[in-house]
Amino acid sequence: MSDSNTFLSAATLLAVIGCLSAAISPVVAGASAAYTGSVTTSGVLGVVFAGRSAQLFRATGRVSLPGAVLTTIFGGWFMAAPLLYDAGFLATAGTQLAGTLVATFGLYTVVAGLTNSDA
């Protein structure tokens, strides 16, 4: 596996870890039920798409654009959700940090897939 494929593999795995982090962040921080339900549900769905994206990349060596795009969208939601709810400092910080991780590596994966690059 080339260095660029290793980085893409790591990027897809980091997106999965970020979705998991976003899912548990409100639970650990003791956020409101509405916020916890919204972000945790989104986190679980994000894990499904990010996990599938990682699985397909490892199996084929090519980026799965549908999974990568949906993962990136979830990352954006994790960054925006605390602004819509009064989630508290810890829940906000945890979810936004996870969202930054997910959106950054998800978008990198999308761009690599669109350019048909092993970047």
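Analyst: Happy to! This is a predicted model. H2 gives the largest share, four residues.

User: Which residues form the nonpolar patch on the surface?

Analyst: Val44, Leu45, Val48, Phe49, Val69, Leu70 and Ile73 form it, and together they have about 550 Å² of accessible area.

User: Why does Val69 count as partly exposed?

Analyst: Val69, found in helix H3, has 36% relative accessibility. Buried needs under 20% and exposed needs over 50%, so Val69 falls in between and counts as partly exposed.

User: And what makes Tyr35 buried?

Analyst: Its relative accessible area is 0%. The cut-off for buried is under 20%, so Tyr35 is buried. Other buried residues in H2 include Gly43, Ala50 and Phe57.

User: How many aromatic pairs are there in the whole structure?

Analyst: A search finds five. In one of them, the rings of Tyr35 and Tyr85 have centres 5.4 Å apart and planes at 70 degrees. This pair links distant parts of the chain, with Tyr35 in helix H2 and Tyr85 in the loop between H3 and helix H4 (89–114), 50 residues apart.

User: Why is the pair of Tyr35 and Tyr85 called edge-to-face?

Analyst: Centres within 6.5 Å make a pair, and planes over 60 degrees apart make it edge-to-face. With 5.4 Å and 70 degrees, Tyr35 and Tyr85 meet both conditions, so the pair is edge-to-face.

Key: Residues numbered from 1 in each chain as written. Predicted model: local features only at pLDDT ≥ 70, side-chain atom pairs only at ≥ 80, totals over all residues. Heavy atoms only, no water. Buried < 20%, exposed > 50% of the residue type's maximum accessible area, 1.4 Å probe, protein only. Helix = DSSP H or I, 4+ residues; strand = E, 2+ residues; numbered from the N terminus. Patch = residues over 30% accessible without salt bridge, like charges linked within 9 Å, V, L, I, M, F, W, Y side chains within 5 Å. Areas by Shrake-Rupley, 256 points an atom, 1.4 Å probe, with all protein chains shown as cover. Salt bridge = Lys/Arg side-chain N within 4 Å of Asp/Glu carboxyl O. Phe/Tyr/Trp six-rings, centres within 6.5 Å; stacked < 30°, edge-to-face > 60°.
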